[in-house]
Amino acid sequence: MTYLAENWDFVLELAWQHISLAASVLFIALALALPLGVLLARFGRLATPVLGLLSVVYTIPSMALFALLIPVTGLGFKTAATALVVYSQFILVRNTVAGLQGVDPAVLEAAVGMGMSGWQVFREVRLPLAMPVILAGVRVAAVSIIGLASLAAWINAGGLGVLLFQGLYQDHATKIWTGTILIAFIAIAASRLLQRLERRIRSGLDGP
Amino acid sequence: MTHLEPAIVLDRVSKTFPGAARPAVSECSLTVGAGELVVLLGSSGSGKTTLLKMINRLYEPTSGTIYVNGQDVRAVSAVELRRRIGYVIQQVGLFPHQTVAQNIATVPRILGWDRKRIEERCDFLLELMQLPPEQFRDRRPRQLSGGQQQRVGIARALAADPPILLMDEPFGALDAITRETLQDELLRIQAQFQKTILFVTHDVDEALKLADRIAVMKDGRIEQVGTAIELLHRPATPFVRQLLGADDWLQRLSVVPVRRAMNAEPEVAAASSAQPLPAEASLRDALEALLRSDLKPVPIVDRRGRRVGVVRWEDVRAAAGDPFGQVVSP
């Protein structure tokens, strides 16, 4: 407890680094995954090979992925962010495709049959109905990004992982505990937040 | 039905799906008059749904031409065309994330109607479909029974007041009682607004009950087009004869409305001493009434109680076909 009391500003800074790394990764990952998912849902034949490739990337251990990227992007934030973005693509793209393709064909047929344009069908019918599944993917991705961001410390990208590695090297259990609990706390908070958003959208679908 | 302005004209329309060995629809020609209710009747795989979906360009024909209100459907964009044609499908396809009112407002909203006009139209249609607006307007599709959902589906199709309605087995997923109620409502709406309706079904009783004319389809071809009475009386092919089940003619008579066999002779009706029959009664009711009146002409009264015509023994006899005879060539 004394450690935390004496170093709270350092810990807070690490926590902030952790959150901003995870948040920017999630943002970039979504900016890539959503259009890609829409494209794959539209051109279904591409979905299987692309998702297959992403699932192979997903199975690469994250440490190995960091190591592979260091020669390209060097040490630090860029490498950590790149690895985590690549890593989260599989979940995000898969859920986007599944959500968009899972919309009841009868609903789509009615929409097209009534004379909605392709864009209207997408914006007013397909996307809102796919939203819960897409958001479920975002939640899983967010939690895994927050967890994996701990490894960023290993390549000098900061975050609460710094506490974990320091604790390991210095045999300082309090640092390990502090880091672990804070990371878990952030992950749970993010999950709760997204869950609430998901529920609100679902209740919009299911009615009061 | 040549006195009616043609609303839909199919001219030797064929459709072969890519990779299919034989055409789903081949050389179909049919004219649907304005305000007419024509049923495409056939078993699954007969091409009736494919034919229907070519009218609002959900499918494009391989050859042949389709005219809607005198205009080649390819002359306008598919999206524009569809906004002028109501479309109702068996699975209804209501938008689950929208309220009943929002669902109904779909096409008017796209067409840019103002809010007040949309609201009024929506309430009018809900009332027309026997769904009290204040009770149903804000509900979600999931909170409705199957029958209520299809009522909303029909209201949504009628929203922008299209002159033409395409209906693809709209009552196929409903229980028998709900189905009959909705069939009656469709006839009521049809009588009130004179929509041109092309209605797909595999249910012979439904076809006999609803249709002004029936087009029987088999293997992508139209086997015969005619009124229920014509089809029952003179089936053109063994298939039509078998489909309409001439052996079971008493049952068939019980679904055909008597007005289809009625002679518009109000003077004769006024003079008749027999017990009058409502226009909604079936030919089977007419048969009973004729037997009771000793085969004297039975007067038919409309909803307002006016004697509008008579039905005679020959009319019912004709509709019964020739139970023991051979197929009569047309």
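Of the 208 residues of chain A, 38% count as buried. Buried here means that 20 or more other C-beta atoms lie within 10 Å of a residue's own, with C-beta atoms placed from the backbone; 12 or fewer makes a residue exposed, and anything in between is partly exposed. This is a predicted model: local features need pLDDT of at least 70, side-chain atom pairs count only at pLDDT 80 or more, and totals for chains, interfaces and linings use all residues. Residues are numbered from 1 along each chain as its sequence is written, while chains are lettered from A and ligands numbered from 1 in the order in which they are written.

**Chain A: helices**

- Chain A has eight helices and zero strands. Helices (H or I, at least four residues) and strands (E, at least two) are DSSP runs, numbered from the N terminus.
- Along the sequence, the pattern of chain A reads α-α-α-α-α-α-α-α.
- The C-alpha trace of chain A spans about 70 × 45 × 20 Å along its principal axes.
- Within chain A, take the contacts with a separation of 6 or more: 73% of them join residues 24 or more positions apart. A contact means that two C-beta atoms, placed from the backbone, lie within 7 Å.
- Helix α3 of chain A covers residues 62-73, which is twelve residues. From first C-alpha to last, α3(A) reaches 15 Å, close to the 16 Å expected at 1.5 Å a residue. The expected span is 1.5 Å times one less than the number of residues.
- After α3(A) comes A:G74, with a positive phi near 75 degrees.

**Where chain A meets chain B**

- In this contact, 18 residues of chain A touch 18 residues of chain B.
- On the chain A side, α5 (105-113), α6 (118-148) and α8 (173-206) each supply at least two residues.
- α5(A) gives the largest share of that side, six residues.
- By class, the chain A side has ten nonpolar, six polar and two charged residues. Ala, Val, Leu, Ile, Met, Phe, Trp, Tyr, Cys and Pro count as nonpolar, Asp, Glu, Lys and Arg as charged, and the others, Gly among them, as polar.

**The nonpolar core**

- The largest nonpolar core has 145 residues. Such a core is a set of buried Ala, Val, Leu, Ile, Met, Phe, Trp, Tyr and Cys residues joined through C-beta atoms within 7 Å.
- A:L84, A:I145, B:L198 and B:A286 have the most contacts inside this core.
- Helix α4 of chain A (residues 77-101) provides the largest share of the core, twelve residues.
- Domain 1 (6-248) and domain 2 (251-319) of chain B both give residues to this core, so the core lies between them.
- A:L84 touches A:V25, A:I145, A:L148 and A:A149, not counting residues up to four places away in sequence.

**Chain B: two domains**

- Chain B is divided into domain 1 (6-248) and domain 2 (251-319). These bounds come from an automatic or database domain assignment.
- The centres of the two domains, taken over C-alpha atoms, are 30 Å apart.
- Their contact takes eleven residues from domain 1 and nine residues from domain 2.
- On the domain 1 side, α10(B) gives the most, with four residues.

**Chain B: a sheet**

- Three strands of chain B form an open, mixed sheet in the order β11-β12-β13. Strands pair if DSSP finds at least two bridges between them.
- The edge strands are β11 (277-278) and β13 (307-311), each pairing on one side only.
- β11(B) and β12(B) (residues 298-301) pair in the parallel sense over two bridges.
- B:P278 stands opposite B:V301 in β12(B).
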